[in-house]
Amino acid sequence: SGCLRQPGQHNSPSRDDGLSAHDEDNREDDKRRCHNQDTEHYILLTMSFKEVSSLRKAGRTAEAFEMARDDFARSPDKWSASALFWVYYSISKSGDFSLVPAWRAGSEMLRLADYMERDEIMLQCLGAAVQHIATLYAHQYMASNAVPSVEETDFLERAAKRFPDNVFLLRALAMGYMVAGRNDDALSLFRKVLKIKNDGYLWSELYDFLDDDSVRKSALCKSLLIQSKPEFTGKTRLKLACVLIRENDYGRAAYELRTYSDTYRKNSWCLSAEYSKIMRFIPPGTVPLRTGREFYAENTAAAEEFVYQDSPCSEMIPLMTREVRAKGGKRIVTKIVLADKKGRVLAVPLSRTGVPAAGCMNVAYAVRSYKPGDGPRRVISCAVADGFPEWRDDVRCFAGPVRLKTDRLGNQYGLVDGCFIPAQLVSRIKPDADVTVVGVRKNGKWRATSIL
């Protein structure tokens, strides 16, 4: 009977998976063998990574590059990618691209970053290296009219997608487009650059992207209005002098040229050959006619409209001023807090409004703003509005201690001087603290929209 054990016969242990003890032992051996192989592979990779790092730090970049490249080609993983990434970083940092073209170094770093753990240091170094390469190409495009290669353009476009708010990248790509004859793409991209960074140098560079002298003149005036130190405005003044000469405004052109020459002589700098050429177009006996900040401020509208045409103005009213204590104890108004009819606020430097501190609270302002990605909203232009909005009595500040309460559902809210503070704002208020909030009146009731 199958139920009875015969002498000398042993029943094998019952198994649900159908494997014998011998098969089980083989499987365990395979596991141990794979584990040992993985461990050996890991040790080899870490040793290779350390060896590449040692060569790189010793300045033997060529050897480190060859070893890291071969290791990555043989086994592309995070260790070999990391070793090769840092070699490319060292190459880009040194600026010596004899081993590999700059565009290839940047493109490879973007590719290798996908294999690596995205820690903060790696991302910062990737951004710095890509920015350095982009700046190199920007200088190259400015110095010559050599059309960028397909590989260079592809690298800059990929890098711009990875770092969409990096001014250096976008600027280099815009210059590459311009040299390649893609003027519409260049202008569109450079407008984005100016929205991200309202910088005097960038406004001066806008001149090179334009054909219309009226907008060119406006852009140069905007540049001089922002960058007021004469030591940093030499080329901008020469450009503006050329535009003024073409408009037959010789007096103001002579003033810009005189300011340029006075600054250079004061600092014992050599006057450029371009200055000498431009001076020949000034008629003898021309009396310099002072320009200055008022002239610049009057001529910025065309450039601002050209750059910010897709960023509509919103009329805003002043809510309060912010002051600083100057030398001698005197307090000076430096910023003015403005709000729109929904109670959204922006703090604007008073110098950009064109209004004296004494009257800054009695006028309304037309403000353009830009929000880059997830960053805070930035003011890109601010001017005095034609009229005071009718809704000025429906937005105001409330200040004082906050009384915290709880509604029937257990949600916490606050009251300050009769203005309701919703839960999302209450969570940002410290207990027993005095606060200033912006309130908007709707249906006769005041509701806080933001905390100042």
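S107 counts as buried, at 10% relative accessibility. Buried here means under 20% relative accessible area, exposed means over 50%, and partly exposed lies in between, using a 1.4 Å probe and protein chains only. This is a predicted model, in which local features need pLDDT of at least 70 and side-chain atom pairs count only at pLDDT 80 or more, while totals for chains, interfaces and linings use all residues. Residues are numbered from 1 along each chain as its sequence is written, and side-chain values use heavy atoms, with hydrogens and water left out.

Stay with S107 for a moment. This serine is found in helix α4. Helices (H or I, at least four residues) and strands (E, at least two) are DSSP runs, numbered from the N terminus. Which residues does S107 touch, not counting those up to four places away in sequence? They are F155 and R158. Contact means heavy atoms within 4.5 Å. E152 sits 45 residues from S107 along the chain, and the C-alpha atoms of the two are separated by 9.1 Å.

Now widen the view to the whole of α4. This helix spans residues 102-112 and is mostly covered. Nine of its eleven residues are buried. Among them are A102, W103, E108 and L112. What do the buried residues of α4 pack against? Their partners are α2 (61-74), α3, α5 and α6 (150-162).

One of those partners is α5. Two packed helices are described by the angle between their axes and the distance between the axes. Axes are lines fitted to C-alpha atoms, for helices over the stretch in contact, and angles run from 0 to 180 degrees between N-to-C directions. For α4 and α5, the angle is about 155° and the axes are 10 Å apart. The two helices are therefore roughly antiparallel to each other. Angles under 35 degrees count as roughly parallel, over 145 as roughly antiparallel, 65 to 115 as roughly perpendicular and the rest as oblique. The crossing of α4 past α5 is left-handed. That label applies if the near helix is turned anticlockwise from the far one by less than a right angle; clockwise gives right-handed.

Which residues make this contact? From α4 come A102, W103, G106, M109 and L110. From α5 come L126, A129, V130, I133, L136 and Y137. By class, the contact of α4 with α5 has ten nonpolar residues, one polar and no charged. Ala, Val, Leu, Ile, Met, Phe, Trp, Tyr, Cys and Pro count as nonpolar, Asp, Glu, Lys and Arg as charged, and the others, Gly among them, as polar.

Next, look at α3 (residues 78-94) against α5 (residues 120-143). Their axes come within 9 Å and cross at roughly 40°. α3 and α5 are therefore oblique to each other. The crossing of α3 past α5 is left-handed. On the α3 side, the contact is made by F85, W86, Y89, S92 and K93. On the α5 side, M122, C125, L126, A129, H132 and I133 take part. The residues of this contact of α3 with α5 divide into eight nonpolar, two polar and one charged.

C125 brings us to the cysteines. C125 counts as buried, at 14% relative accessibility. A disulfide is a covalent bond between the sulfur atoms of two cysteines. How many disulfides does a search of the whole structure find? It finds zero, with a disulfide taken as a pair of cysteine sulfur atoms within 2.5 Å. Take C313, which is partly exposed at 44% relative accessible area. The closest cysteine sulfur to that of C313 is in C382, 9.2 Å away, too far for a bond.

Move on to helix α12 (residues 250-266), which holds T263. Is T263 buried or exposed? T263 is buried, with a relative accessible area of 9%. Leaving aside neighbours within four places in sequence, T263 is in contact with P230 and E231.

The loop between α12 and α13 (273-279) contains S268. S268 is not a glycine, although its phi is positive, at about 60°. S268 counts as exposed, at 67% relative accessibility. D417, in the loop between β8 (412-416) and β9 (419-421), is not a glycine and has a positive phi of about 55°. D417 is exposed, with a relative accessible area of 56%.

Finally, step back to the whole protein chain. The chain has 16 helices and eleven strands. Of its 452 residues, 42% are buried.
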